[in-house]
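Have the model open while you read.

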Amino acid sequence: MFDLSGKTALVTGANTGLGQAMAIALAQAGADIALIGRTPATETLNDIAKTGVRSELIFADLGDASTISKIVPEVIEKFGRADILVNNAGTIKRNAALELTPDQWDSVMDVNLRAVFFLCQVFAKQAVDLEQPGKIINIASMLSFQGGVRVPSYTASKSGVSGLTRALANEWAQYGINVNAIAPGYFDTNNTAALKADKKRNAEILGRIPSGRWGQPSDLAGAIVFLASNASDYVQGITLPVDGGWLSR
Ligand code: NAP
């Protein structure tokens, strides 16, 4: 039920952090992996090679709207198919709402929401044309549920990801495409390095996590394989928190 052999998964932003861990987990479950990103992903490619599946980097800057439509065709040309899409790449700009600039708004929305929608669209079109099922997993955030402080464009984008996930599930479930999201809690990656380095915020964050620790990227392995596999065929439109209990407090 959890076996992904013979499938191809596209994972955006898999050179580091959560994307790297999810790409490796999908490879361990048997999927070939197309790493979509703008930075060489040597470490991820080497780790995936150890699992025996195929992987390759498809170069794309997801902030550049003109590249989005080329990604899925290139994956199909190189791998022959595209079954699973993980929209992981994301960016954050910290600034007070009174000071946030148009560029800090646009650069976050372009990568975290615009690229996600249009990549979902191209992926779903090919699945519908081929009458083939598909799995889309978008990476949301605790700020899909909460407001956050000093990250207004990030909160808007991640709340958008959750809403978009529901909207697309409603339209595409009829084609056998599952659209779901994972909302990671506080994970130890580049994205949260500034928070972790702030002693006061670090202590506040740890004090609210029932599991008593920051998440490690490998903590997402079970959720991503579940949502990418036949085990989740009747799961639609959810945003699954993987947060050590943060939202339960
Ligand atoms: P990270 O280590 O900073 O990784 C972000 C990834 O996104 C990198 O691979 C980065 O590539 C890629 N990316 C950013 N802008 C891009 C662009 N224009 N084109 C292509 N790739 C781009 O952060 P992370 O924590 O693993 O974050 C992964 C996802 O999880 C993000 O969507 C983030 O919002 C979400 N998330 C993280 C946490 C957490 O606690 N860490 C919690 C909730 C949600 P480059 O290396 O080339 O910049």
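The largest pocket is lined by 48 residues, and those nearest its centre are Gly-90, Thr-91, Ile-92, Tyr-154 and Asn-191. A pocket here is an open set of points on a 1 Å grid over the protein atoms alone, with protein on both sides within 12 Å along at least five of seven lines, and a lining residue has an atom within 4 Å of a point. This is a predicted model, where local features need pLDDT of at least 70 and side-chain atom pairs count only at pLDDT 80 or more, while totals for chains, interfaces and linings use all residues. Residues are numbered from 1 along each chain as its sequence is written, and side-chain values use heavy atoms, with hydrogens and water left out.

The largest pocket holds about 1300 Å³, a volume being the space filled by probe spheres set on the grid points, which are joined across faces, edges and corners. Helix 1, strand 2 (32–37), helix 4, helix 5 and helix 7 (199–208) each give its lining at least two residues. Helices (H or I, at least four residues) and strands (E, at least two) are DSSP runs, numbered from the N terminus. Sorted by class, the lining has 19 nonpolar, 20 polar and 9 charged residues; Ala, Val, Leu, Ile, Met, Phe, Trp, Tyr, Cys and Pro count as nonpolar, Asp, Glu, Lys and Arg as charged, and the others, Gly among them, as polar.

So what takes up the space of the largest pocket? The ligand does, going by the rule that more than half of a molecule's atoms lie within 2 Å of the pocket's grid points. Helix 1 (17–28) and helix 5 (152–172) are the elements that give two or more residues to the shell around the ligand. That shell counts 28 residues, with Asn-15, Arg-38, Thr-39, Tyr-154 and Thr-189 the closest; to belong, a residue needs a heavy atom within 4 Å of the ligand. Its make-up is 11 nonpolar, 14 polar and 3 charged residues.

Now for the backbone. A ligand nitrogen lies 2.9 Å from a polar backbone atom of Leu-62, and ligand oxygens lie 3.1 Å from one of Gly-13 and 3.2 Å from one of Gly-90. The ligand by itself exposes 880 Å², and the protein buries 90% of that (Shrake-Rupley method, 1.4 Å probe).

Leu-62 turns up again in the lining of the largest cavity, along with residues including Thr-12, Asn-87 and Val-111. In a cavity, a 1.4 Å probe fits but cannot get out.

Key
Polar contact = N/O pair within 3.5 Å; in protein donor to acceptor, adjacent residues only side chain to side chain.
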